[in-house]
Amino acid sequence: MRFVCKVTLMAAACSIFLISCSSKANNNGGDTSSAPPAKPFDPKALLAYDSKDASKSIDAVMQELHRTRGFNGNVLVAKHGKIIYEKAIGWADYLHRDSLKINSQFELASVSKTMTGTAILMLLEQGKLSLDDDVKKYFPDFPYDGVTIRLLLTHRSGMMNYVYFTDDLYRANHWDERKGITNADEMALIAKYKPNRFNKPDARFLYNNSNFMVLGSIIEKITGQSYADFMKEHIFIPSGMAHTAVYSKAVYSKIPVDVVGHDRGQWRYSVAQNFLDGPVGDKGIYSTVGDLYLFDRALRDGRLLKQATMDSAYVPRNPFIHGHFSYGYGWRIFEAPGKQVIYHTGWWHGFRHIYLRDIKDDITIVLLTNLSNGSLMKLDDLFKVTGMPLVRKSAYNGNGDTSDD
């Protein structure tokens, strides 16, 4: 009996030792997979909203913005995990007089970068890439030396903007502009024509779409999946984003959504998608105000990334502009004493957006518009009634607005 007790105690001690070693290995990078969420995630409950409970002060601001500044789009405001205002205002397609609905899907434009950055950090946690990997590791014909994943995430690669480079090629060669090109096609064009870059890698911050188009291409190369399939499986479904998808013109002859972008602030300039709506990663995700709120909650709840990884994305990786504005890993950053707003803007083919997440005070604002005008540069009153800082560069010093897209 005494022998049995000794064996049992020794076995228990060994088990505790092994568990302790395993825990230390995990803490030191032995297991970098995403941690499971700490509590149940209920998208239906998060999206619960009764218009009778709508914030009257926010509604007054939005109605005035619609009346005086031509705001046309969908809006959602949430505080402390509860939606306090949500509304669809105006036309989805002015030509056909179709009204916007709250679940109308908008081309997110550069707001897509927030999800591409999240996907890259997921692959980092899984040990499938390093932020210091050179692009040439995945695309040996890439014509630029010294461009790393980290530099792409922070817009410090020095690359040219592929949108202008490709548009010039198509015009000069009279190529068919109706058929979208893939990310692989775009990477092949860059490899073949070797367009001059703007500056050396890591010389300075230079926001442009090439960085995240290349990141989208790297996601496809590493995973063997299309960007659309990877994002659906690893971000949209886990976050409950039932109205979100990647739509590329290289796959769809007509993008299957009802919201049309209207450019130059005028209804007569409705924008038809073309070959430049093929590459994804920098853009190409279509979503709703509600689904972007779910993405915010999924990030806060640790459903997609570990907290330490997520925090690293919110660290300013560039010199501050006007003392408050910087860029992290796929997120724009506003910082002030006791305040931190993580956000992104978007502007593409008649769509213009701003997606703001006040990390300290748990406020989320989503504004998606399909009439590209100046209405989103007149949001001071909205920021004031919600309690969010004025996320507008010229509010502090110098000149500027909310968007560089």
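**Entry 1**

The model I am reading is a predicted one. I then examined the hairpin of β10 and β11: two residues lie between the strands, and H349 takes a positive phi near 50 degrees.

I turned next to strand β9 (residues 332-336), which pairs with β10 in the antiparallel sense over five bridges. F334 stands opposite V341 in β10. β9 and β10 also form a hairpin with two residues between them, and I recorded a positive phi of about 75 degrees for G338 in the turn.

Is strand β10 enclosed or open? I noted that eight of the ten residues of β10 (residues 339-348) are buried, so the strand is largely enclosed by the rest of the structure. For this count, buried means under 20% relative accessible area.

**Entry 2: the largest pocket**

I looked up the largest pocket and recorded a volume of about 500 Å³. Its lining has 23 residues, and those closest to the centre are V163, Y164, W347, W348 and H349. Which element gives the largest share of the lining of the largest pocket? I found that α6 does, with four residues. By class, I recorded seven nonpolar, eight polar and eight charged residues in the lining of the largest pocket.

**Entry 3: the second largest pocket**

I then recorded about 390 Å³ of space in the second largest pocket. Of the 23 residues that line this pocket, S226, Y227, A228, D229 and V246 are the closest to its centre. I noted that α7 (183-193), α9 (227-236) and β6 (245-246) each supply at least two residues of the lining. The largest share comes from α9, which gives five residues. The lining of the second largest pocket divides into 14 nonpolar, six polar and three charged residues.

**Entry 4: the sheet that holds β6**

Three strands form an open sheet in the order β5-β7-β6, with antiparallel pairing. I marked β5 (106-107) and β6 as the edge strands, since each pairs on one side only. Two bridges join β6 to strand β7 (residues 285-287), and these strands run antiparallel. What stands opposite I285 of β7? I found V246 there, and V246 is also among the residues closest to the centre of the second largest pocket.

**Entry 5: helix α10**

I closed with helix α10 (residues 289-300), which has twelve residues. From its first C-alpha to its last, the helix reaches 17 Å, close to the 16 Å expected at 1.5 Å a residue. I found α10 mostly covered, with eleven of its twelve residues buried. Among the buried residues I listed V289, D291, Y293, F295 and R297. After α10 comes G302, for which I noted a positive phi near 75 degrees.

Technical notes
Residues are numbered from 1 along each chain as its sequence is written. This is a predicted model: local features need pLDDT of at least 70, side-chain atom pairs count only at pLDDT 80 or more; totals for chains, interfaces and linings use all residues. Side-chain values use heavy atoms; hydrogens and water are left out. Buried means under 20% relative accessible area, exposed over 50%, partly exposed in between (1.4 Å probe, protein chains only). Two strands pair if DSSP finds at least two bridges between them. The expected span of a helix is 1.5 Å times one less than its number of residues. On a 1 Å grid over the protein atoms alone, a cavity is a set of points where a 1.4 Å probe fits but cannot get out, and a pocket is an open set with protein on both sides within 12 Å along at least five of seven lines; lining residues have an atom within 4 Å of a point. Grid points are joined across faces, edges and corners, and a volume is the space filled by probe spheres set on the points. Ala, Val, Leu, Ile, Met, Phe, Trp, Tyr, Cys and Pro count as nonpolar, Asp, Glu, Lys and Arg as charged, and the others, Gly among them, as polar.
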